[in-house]
Amino acid sequence: MTKKILILGINGFIGASLVPQILSQTDWEIYGMDLQEHKLKSSLGHARLHFTLGDVIQNPDWVEEHIKKCDIVLPLVAVANPAIYVTDPLRVFELDFVSNLSVLRQCVQYGKRIIFPSTSEVYGMSKDAVFNEETSELTQGPINKERWIYSCSKQLMDRVIYGYGSRGQLAYTLFRPFNWIGPLQDDPHDKASNTSRVVTQFVCNIIYGRDLQLVDGGEQKRCFTHINDGIDALMKILINKDNSASSHIFNIGNPKNNFSIRELAEKILALAHNYPKYRDNVAKIKIVDTSSGTYYGKGYQDLQNRVPSIENAKKYLNWEPKYTLDETLKDILDYHLS
Ligand code: UGA
């Protein structure tokens, strides 16, 4: 029988990048809700995409009815921007934890498989050189460092899901994106935006001719992962051949793309030089220093290293990332600057 999948927050970065792949690789029916629809563009008219414009919090009956109707639930509704963790931590808690908890409970009640987006942020400031899903400690800062509310909300969801799963009450897979980046992430054409996630923020600064700011020195590193690699892993999790993804946690990131924010800034500026319309901006833009207190506020705290072990994903999903950072940045710049 044809599978039905419910995607909440379907117009977000992950949802919108995933939908075309589900439609082309499977014969599944997709049901989705989001506040907006602009990133779904070409897929909207597809006969197997059933999209409803709306707010999942305001439409609990619709959500419950669709959890009942579908086989797989992918709850992607979340705030995932560090600037908001600091300015509006309670919204993060309500959306990322409270609203998802009710979705999770209904998956348990109706016997549905949940694929939950955990996050690289759950490892926090773990001292491990490489983060392992089964052995790494999860390290967060004090309560007055409000940045950690996201990590903490996601971690508690992970623990609750694991609790139901290990008691045989829930079919689940947890996946942890490590800095997935790609064309549909955030909107760099929003002039007012000055605290998007880092790649979009740098692209925005290039479009509007503003200096690139390095927070607290820019030596902190991230493993940047092309969204296509992320979606490739997610498709394998959804298809779940021979139950290979069942009851697992997967780090999904590219350990080879481990670069400092300073290196990222230098790479983006060098690549942006290839887009004639922005060459004048690039020539005058500088890389400047700022403090996290000035940039984000006093509730911010950062992590220096975040490298995933991807052994689980290799072993159970037969997945490995393919894209270098340069290839990834080129795809993003082509999309926004060409
Ligand atoms: C992100 C977000 O928490 C989530 O999107 C996600 O769960 C997770 O990480 C992930 O994608 O793995 P983070 O990597 O800190 O967290 O987010 P960015 O906003 O992209 O910042 C990366 C680094 O760049 C931080 O150290 C930040 O201080 C720095 N930054 C950001 C700058 O130096 N300059 C800027 O203009 C913006």
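User: How many cavities of 30 Å³ or more does the count come to?

Analyst: This is a predicted model, in which local features need pLDDT of at least 70 and side-chain atom pairs count only at pLDDT 80 or more, while totals for chains, interfaces and linings use all residues. Residues are numbered from 1 along each chain as its sequence is written, and side-chain values use heavy atoms, with hydrogens and water left out. On a 1 Å grid over the protein atoms alone, a cavity is a set of points where a 1.4 Å probe fits but cannot get out, whereas a pocket is an open set with protein on both sides within 12 Å along at least five of seven lines. By this rule, the count of cavities of 30 Å³ or more comes to one.

User: Which element gives the most residues to the lining of the largest cavity?

Analyst: The largest cavity holds about 40 Å³ of space, a volume being the space filled by probe spheres set on grid points that are joined across faces, edges and corners. Its lining, meaning residues with an atom within 4 Å of a point, consists of G182, Q185, P188, V199, T200, V203, I332 and H336. Helices are DSSP runs of H or I with at least four residues, and strands are runs of E with at least two, numbered from the N terminus; at least two lining residues come from each of α6 (198-207) and α12 (325-337). The element that gives the most, with three residues, is α6.

User: Which element gives the most to the lining of the second largest pocket?

Analyst: The second largest pocket has a volume of about 320 Å³, and two or more of its lining residues come from each of α5 (148-166) and β6 (172-177). Among its 15 lining residues, E133, R159, Y162, R176 and I249 lie nearest the centre. With four residues, the element that gives the most is α5.

User: Is S292 buried or exposed?

Analyst: S292 lies in helix α10 (residues 292-295), and, leaving aside residues up to four places away in sequence, S292 touches V215, D216, G297 and Y300 (heavy atoms within 4.5 Å). Buried means under 20% relative accessible area, exposed over 50% and partly exposed in between, with a 1.4 Å probe and protein chains only. Because its relative accessibility is 13%, S292 counts as buried.

User: How far is an oxygen atom of the ligand from an N or O atom in the side chain of Y295?

Analyst: A polar contact here is a pair of N or O atoms within 3.5 Å; within protein, one must be able to donate a hydrogen and the other to accept it, and residues adjacent in sequence count only if both atoms are side-chain atoms. An oxygen atom of the ligand is 2.9 Å from a polar backbone atom of V215. For the side chain of Y295, the distance from a ligand oxygen atom to an N or O atom is 2.8 Å.
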